[in-house]
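Student: Could we go through this structure together? I would like to begin with helix packing and then turn to a loop.

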Amino acid sequence: MNIRVVIFDVYKTLLEVGPPPVDADAGWTRLWREQFGEPARLSLPEFGDACAQIIVREHAIARRAGISFPEIFWPMVAIEALPELAPLSAPRRDYFLFRHAQLVRTLRLIPGAAATLRFLVDAGVPLGIASNAQPYTLRELDAALAETGLGRAVFDPALCFWSFDHGFSKPDPHVFRLLTARLCAAGIANTEALMVGDRLDNDIAPARVQGWQTWHLAPDSINATSGDWSRLQHWLTASGTLREPEP
C-alpha cells in the first residue's frame, strides 16, 4: 500500500519534552523586568495557577457547547491572568509567551527525526502536522528545526492542523476528518496517508478510524508498525509502502 503523505504529531514525536531549566524562576524574574520594567508581581507558579483556573473554566464552557475535546487560545488566557500583557504590541506579547514556554519545560528535536524528514522531503512526499498546540509551538518547532538546517517550510500549510486555530484538539475525530477532507481535495486517498505519533489515544487510534496508516513512535516497541525514527525510515523503504517520486 502506497504512502503519499505523512502527517506528524509535534510534542514527544518531533520534539522531545524535558524538565524545566534549573534557573526557571530567575529567568521569569528577568523576563518580567525586561518586559515591564519592574519586579515580578506574580511568581512563575502563581502565573501558572491563574492560567490553569481560566483553562478549567473555558474547557467547561466549551464542553457545555458540545465540544468534547476543547482547546483554548493561550494568548487570551495569558492576558486575562496577566493584564500587563494587554498593552504590549503583538510581537512583544508573542515573545513574552514564547520565553515563558521555555521556562516550564525544555525541548529539542528527537534524535533521528531530522534524518527521516530529509529522507521524505528528498523522496518528494508531502508532509503535514496534526498537533495539539499553541502559537508558541510554531516558534519552538522553527527553533528546533533550524539547528538541523531544516525549516517549518518542509510542512505543507494545507496539511497542518494546529488546535489553537480551531478551538478543539486531538483525539477529536474532527481533527482527522478535516485533514482527510483536505487530502481528498488534493487527490490523495485516506488510505495513502500515514500518521506518525507517540500516543495511541491521541494519534494512532483516531487516525486509523479514518482509514489512515499509522506509525506509533515508541522506541521500545517491536510491533510491525511501531518503533523509533530509524526503524520508521527502514520500514518506509523495506516494506515498499513509500511510493517512488515521479520523474
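Predicted model: local features only at pLDDT ≥ 70, side-chain atom pairs only at ≥ 80, totals over all residues.

Student: Which residues of helix α9 are buried?

Tutor: In α9, which spans residues 229–238, the buried residues are Trp 229, Leu 232, Trp 235 and Leu 236. Viewed down the axis of α9, these residues fall within an arc of 120°, so they line one face of the helix.

Student: And which residues are exposed on the other side of α9?

Tutor: Ser 230, His 234 and Ala 238 are exposed there.

Student: What do the buried residues of α9 pack against?

Tutor: They pack against the helix α5 (113–122) and the strands β1 (5–8), β6 (193–197), β7 (213–217) and β8 (226–227).

Student: At what angle do α5 and α9 pack?

Tutor: The angle is about 20°, and the axes are 8 Å apart. Angles under 35 degrees count as roughly parallel, and α5 and α9 are therefore roughly parallel to each other. The crossing of α5 past α9 is left-handed.

Student: Which residues meet there?

Tutor: From α5, Ala 113, Ala 115, Thr 116, Phe 119 and Leu 120 meet Trp 229, Leu 232, Gln 233, Leu 236 and Thr 237 of α9. By class, this contact has seven nonpolar residues, three polar residues and no charged residues.

Student: Changing topic: where is Ser 169 found?

Tutor: Ser 169 lies in the loop between β5 (155–162) and α7 (173–185).

Student: Why does Ser 169 count as buried?

Tutor: Its relative accessibility is 7%, and buried means under 20%.

Student: What does Ser 169 touch?

Tutor: Leaving aside residues up to four places away in sequence, Ser 169 touches Phe 69, Pro 70, Glu 71, Asn 132, Ser 163 and Val 175.

Terms used
Residues numbered from 1 in each chain as written. Heavy atoms only, no water. Helix = DSSP H or I, 4+ residues; strand = E, 2+ residues; numbered from the N terminus. Buried < 20%, exposed > 50% of the residue type's maximum accessible area, 1.4 Å probe, protein only. Contact = heavy atoms within 4.5 Å. Arc of directions from axis to C-beta. Axes fitted to C-alpha atoms, helices over the stretch in contact; angles between N-to-C directions. Parallel < 35°, antiparallel > 145°, perpendicular 65-115°, else oblique. Left-handed = near helix turned anticlockwise from the far one by under 90°. Nonpolar A, V, L, I, M, F, W, Y, C, P; charged D, E, K, R; others polar.
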